[in-house]
Amino acid sequence: MTLSHPEGPHPRMTSTPPPSSDTTRFPLFPPGFVFGTATASYQIEGAHDEDGRGPSIWDTFSHTPGRTEGGATGDIACDHYHRYREDVELLRRLGVDSYRFSVAWPRIQPHGTGPANAKGLDFYDRLTDALLEAGVSPAVTLYHWDLPQALEDRGGWRVRETAEAFAEYTRLVVERLGDRVGRWITLNEPFCSAFVGYAEGRHAPGAREGTGALAAAHHLLLAHGHAVRVLREAGAPQVGITLNLDRIHAASASPADQAALRRAETLHNEVWTEPLFHGRYPTGEAETWGESADGSYRRDGDLDIIGAPLDFLGLNFYRPLTVSDAPYAEADASRRTATDIRVAESDPYGTRHTTMGWPVVPEAFTELLVDLSRRYPDLPPLYITENGSAEADTVSPDGAVRDTDRVSYLRDHLAALSTAIDAGVDVRGYYCWSLLDNFEWARGYGQRFGIVRVDYETQERTPKDSYHWFRELIAVNRASAQEH
């Protein structure tokens, strides 16, 4: 199937055989299990300066020389803003139950505060209606990293005012879409926003800070709590947050490496899960961050806001981590970032890697889910809100896109997910990342995660073998559910 015209006729689905004989086995899931795909606004929408949209931190970051591979930006990306009907048709033909998309805050409030930009809301209104007409349930993420630049200029996530502004932004969106959207996600991967953006500097806004990054982490959680309150007041049926929790192993049983593991758990996982699900801050903060974790950004009552009950937890998983003890990268404590915690990452897996360089270890997916449910017995139901792989796809002479490695990745991780469910983990759905090849943040356009190939020069869409495999997986599971 090839799609190229934003308002053209419905595309013709072509018959594509299974990529190979070993990809015809499909894991089975309980009746009612939700299958979907996911995208993010800045990665696909384009139209960066149209219809009143203001600049985001990713506009600024990607337009700064040296920040992204090849100087890539999201100015056009997949041109989804103009071609969303094509993409909804792809979803309809895929047969998914749900589609997870994010709303661009600067499209709604160009300056981060103030009245709503009507044209921005109109776009998501049209998208929501088109999804429902196609029989696809919308799942809305309110924040997938594209903070309005005007708010960053006033301190960004380092300051409490941004969390308070997020509540008003949430209100504007839910007032427009709340009558048709059942599943709401407040934040996507706050780890990346706080630590990759404010400590490592690899993502927007490109800062390298210690206390500032920890303050950003806290204020992101506070923003989440404020948004939960607003969504509840609006009668939202399902409210959750998406975290990219990691399955982390120590390189050895030595006391030093075990201590490094505890610090890594604090940084990657417990800074989020402890306030959200245990109503407390991580016990390992002092050991992990020292004086940087001074708590100056916290106030009494914050934990009550952050820990508001949730209907589900979204979980993103791609690969595991192995860590060991290491010296500080920065000897001067005053210049140390929040990710400089005397931990080194290694890769002992001896397995295939995706083009991102990530090891493919499906059993770590099972381990993470089982361990999480044991650590937090009162955890709400889970949705896997992202899982997928970047691969070196091959376009054959007949135009078909062969991505056998991605099919294997999806099959094996869905099997690992099924194993976790059999072990008692309450997982209600799975969203494949991603529907489309897209702007992969600082990695530009060289990494392709989509089950649909995008030719960035022509914007032509071509479903890959993984698209056809995923479509058949969904069909097999629906047939199985009807039999039972």
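Buried residues make up 62% of the 484 residues in this protein. Keep in mind that what you're looking at is a predicted model. Here's a quick tour, from the overall build down to the nonpolar cores.

**Overall build**
- If you count up the secondary structure, you get 15 helices and 15 strands.
- The radius of gyration is 21 Å, close to the 23 Å that the globule rule gives for 484 residues, so the protein is as compact as a globular protein of that length.
- Taken along the principal axes, a box of roughly 60 × 55 × 45 Å holds the C-alpha atoms.
- Take the contacts between residues at least 6 apart in sequence: 77% of them join residues at least 24 apart.

**Surface and charge**
- The protein exposes about 18,100 Å², and 48% of that comes from carbon and sulfur atoms.
- On the charge side, there are 47 positive and 70 negative side chains.
- The centres of those two sets lie 1 Å apart.

**Nonpolar cores**
- The largest nonpolar core has 144 residues.
- Those with the most contacts inside this core are Trp-157, Phe-166, Trp-184, Phe-195, Trp-272, Leu-417 and Phe-470.
- Helix 9, which spans residues 211-233, gives this core its largest share, with 13 residues.
- There's also a second, separate core of five residues, and its members include Ile-248, Ala-264, Leu-321 and Val-323.

Key
Residues numbered from 1 in each chain as written. Predicted model: local features only at pLDDT ≥ 70, side-chain atom pairs only at ≥ 80, totals over all residues. Heavy atoms only, no water. Helix = DSSP H or I, 4+ residues; strand = E, 2+ residues; numbered from the N terminus. Rg over C-alpha atoms; globule rule 2.2 N^0.38 Å. Buried < 20%, exposed > 50% of the residue type's maximum accessible area, 1.4 Å probe, protein only. Contact = heavy atoms within 4.5 Å. Areas by Shrake-Rupley, 256 points an atom, 1.4 Å probe, with all protein chains shown as cover. Lys, Arg positive; Asp, Glu negative; His and termini not counted. Charge placed at Lys NZ, Arg CZ, Asp CG, Glu CD. Core = buried A, V, L, I, M, F, W, Y, C linked by side-chain atoms within 4.5 Å.
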